[in-house]
Amino acid sequence: MAFATARSLALKGADGHVIDVQVDVSPGLVNTTIVGRVDKSLSEARDRVRMAINNDCGRWPATKRVTILLAPADLPKSGTHYDLAIAMAVMAADKKHEELTPDLLEGWAFIGELSVAGALRPVPGVLPMVIAAAAHGIMRVFVPEPQAGEAGLVPGMTVFGVRSLAQVSAVLRGAEVPEADPVVGPSSSPLSTWRGEDRLADVDLRDLDGLEDVRYAVEVAAAGGHPMMLIGPRGTGKTSIAERIPTILPDLTIEQALEVTALHSVAGVLPEGSGLVRRPPWFAPHHSATAASVLGGGTGRVRPGQVSLAHHGVLFLDEFPHFRADVVEAMRQPLESGEVTIARGEESATYPARSLVVLAANPCPCGNFHGLSGGSCECTEVQRSHYRRKLTGPILDRVDIWMEVRPQGRRRGVSFAPEPESSAEVRARVVEARLRQARRYRDCSWLLNASCPGPVLVERWPLEPDGQALIDTELAQGRLTRRGLTRVQRLAWTVADCAGVARPGEREAGVALALRSDDAARSLPARVVSVAAS
């Protein structure tokens with residue numbers, strides 16, 4: 001009897017788990033069995049691996065019984081990336097491959113799909129797998145050549161990017177590495193990897209004329225990570241405002257960049273050779289998108305949706321009332337907890353989703369309603385009421401900032417109109433506000449005010465008594481829910497951080513209430529000037 005073990009990785013959500021691929025080659029009824037809660041793609045691995053070994057590395061043990069166990073056996077496993085580990089364990093267990101002994105596999109992780117010719121093909125999720133390998137003390141890994149750069153992002157990891165099974169065997173045996181044809185990865189559609197960077201590369205807040213109250217609300221949202229809603233007639237600049245929010249967000253930290261890049265790797269949308277995602281991502285799904293594409297899921301393997309791919313960035317849901325009801329309701333979880341849990345049969349996965357969610361809507365179905373003036377709107381009051389009804393309820397109680405975007409007259413070039421601030425100027429203030437939060441939460445698991453639990457905020461960082469009294473009055477009069485009260489307290493802290501105030505008082509609480517209420521937004525500019533002047 002001959003036995004060998006090679007190590008690979010399984011992904012559950014964005015978390016990796018080390019898998020022992022144990023192979024036994026022994027006399028008996030000729031058969032190949034793969035066990036350990038494997039799916040169809042893994043059951044087919046026996047044929048891929050057998051042909052790869054026969055065509056690239058000698059002969060498969062055709063006269064023996066081959067048993068392949070992927071342990072732990074109670075963890076569901078799927079995907080084609082186990083092919084390389086299975087092949088190496090089979091060859092090490094087979095005495096025909098005398099130079100490749102089981103001890104040579106120690107300390108290595110093997111990731112990659114095999115073709116019938118023995119070529120190694122790219123697979124999704126390499127980065128989180130390599131991160132998990134490093135966390136378990138495995139510091140050497142074989143990956144498909146096109147993904148060597150992605151795996152090399154993990155500090156301290158020794159990465160071998162290889163093209164074929166024969167090259168892996170040669171490296172382990174210390175033999176001369178044979179030549180192999182370049183690996184051709186799957187050609188991904190531009191639509192699957194495009195995230196708007198090219199189109200948004202040259203936009204700047206300076207492009208927007210007027211909208212001082214909206215610009216301030218966007219700054220507060222970016223500084224504290226608060227979800228916001230923009231409501232206004234069509235053509236008033238809601239989309240233009242949302243597109244410029246990434247320009248005022250700071251670069252991702254190394255930890256954040258690794259987390260975001262790992263999520264993109266799991267989803268298979270990480271462009272080859274792109275390296276770390278260093279700028280906050282931007283995603284704007286169409287309102288016809290399904291819940292699986294926005295929140296995550298899919299058939300077969302559970303993949304992250306766009307709310308997770310926008311982690312630490314911006315998720316823009318334009319025409320929010322037109323999104324499917326299941327998408328609208330499912331947004332409760334990421335808005336509340338900053339993560340998404342997806343269950344499909346026996347498989348479940350949890351992905352982080354701490355993105356800055358920006359919703360946008362028209363005041364009526366046609367988009368021409370201008371408040372009391374009516375504009376050129378031809379919708380009936382029943383139609384407007386039905387449309388606005390979609391903007392009420394528990395989902396929008398989780399939105400911190402409501403802002404009405406009104407039509408603006410042209411102000412640029414007018415002598416008395418100040419020059420609009422650039423994104424760089426606003427980003428400097430956002431960075432400073434986030435540094436204040438980082439110092440305040442240095443011993444906590446969260447970074448921004450929007451993520452701070454309500455009870456902890458009240459206990460450790462209460463508002464000034466006059467500020468808290470103002471918020472309590474709104475609660476007592478029924479204009480705030482308990483959830484809304486917590487969100488206003490968080491907003492007040494962000495307003496204080498943006499203004500450099502040590503502790504929020506009545507003025508900061510008043511601005512927070514104005515940001516929270518679309519009705520109170522009319523009084524926001526005066527409040528903002530008052531706080532900024534202080």
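**Packing and burial in a predicted model**

Leu 205 is found in the loop between helix H8 (197-200) and helix H9 (212-224), where helices are DSSP runs of type H or I of at least four residues and strands are E runs of at least two, numbered from the N terminus. The model is a predicted one, in which local features need pLDDT of at least 70 and side-chain atom pairs count only at pLDDT 80 or more, whereas totals for chains, interfaces and linings use all residues. Residues are numbered from 1 along each chain as its sequence is written, and side-chain values use heavy atoms, with hydrogens and water left out.

Leu 205 counts as buried, at 3% relative accessibility; buried denotes under 20% relative accessible area, exposed over 50%, and partly exposed the range in between, with a 1.4 Å probe and protein chains only. Once neighbours within four places in sequence are left aside, Leu 205 is in contact (heavy atoms within 4.5 Å) with Arg 215, Arg 244, Ile 248, Glu 421, Ser 422, Ser 423 and Val 426.

For the chain as a whole, the secondary structure comes to 23 helices and 18 strands, and 52% of the 534 residues count as buried. Of the contacts between residues at least 6 apart in sequence, 72% join residues at least 24 apart. A search of the whole structure finds 0 disulfides, a disulfide being a pair of cysteine sulfur atoms within 2.5 Å. Among the cysteines, Cys 57 is buried with a relative accessible area of 14%, and Cys 379 is buried with a value of 12%.

Helix H6 (residues 165-173) is mostly covered, with 7 of its 9 residues buried, namely Leu 165, Ala 166, Gln 167, Val 168, Ser 169, Ala 170 and Leu 172. These buried residues pack against helices H2 (45-56) and H3 (83-93) and against strands E5 (108-110), E6 (113-114), E8 (140-144) and E9 (158-162). H6 is followed by Gly 174, whose phi is positive, near 75°. Within helix H3, Asp 83 counts as buried at 0% relative accessibility, and, neighbours within four places in sequence aside, Asp 83 is in contact with Ala 45, Arg 48, Val 49, Gly 112, Glu 113 and Leu 114.

Two helix pairs were also examined. The axes of helix H20 (residues 465-476) and helix H21 (residues 482-499) come within 10 Å and cross at roughly 155°, axes being lines fitted to C-alpha atoms, for helices over the stretch in contact, with angles from 0 to 180 degrees between N-to-C directions. H20 is therefore roughly antiparallel to H21, given that angles under 35 degrees count as roughly parallel, over 145 as roughly antiparallel, 65 to 115 as roughly perpendicular and the rest as oblique. The contact is made by Gln 468, Ile 471, Asp 472 and Leu 475 of H20 and by Arg 482, Leu 485, Val 488 and Gln 489 of H21. Helix H4 (residues 126-135) and helix H11 (residues 254-267) pack at an angle of about 125°, with their axes 6 Å apart, which makes H4 oblique to H11. In this pair, Val 126, Leu 127 and Pro 128 of H4 meet Leu 258, Thr 261, Ala 262, Ser 265 and Val 266 of H11.
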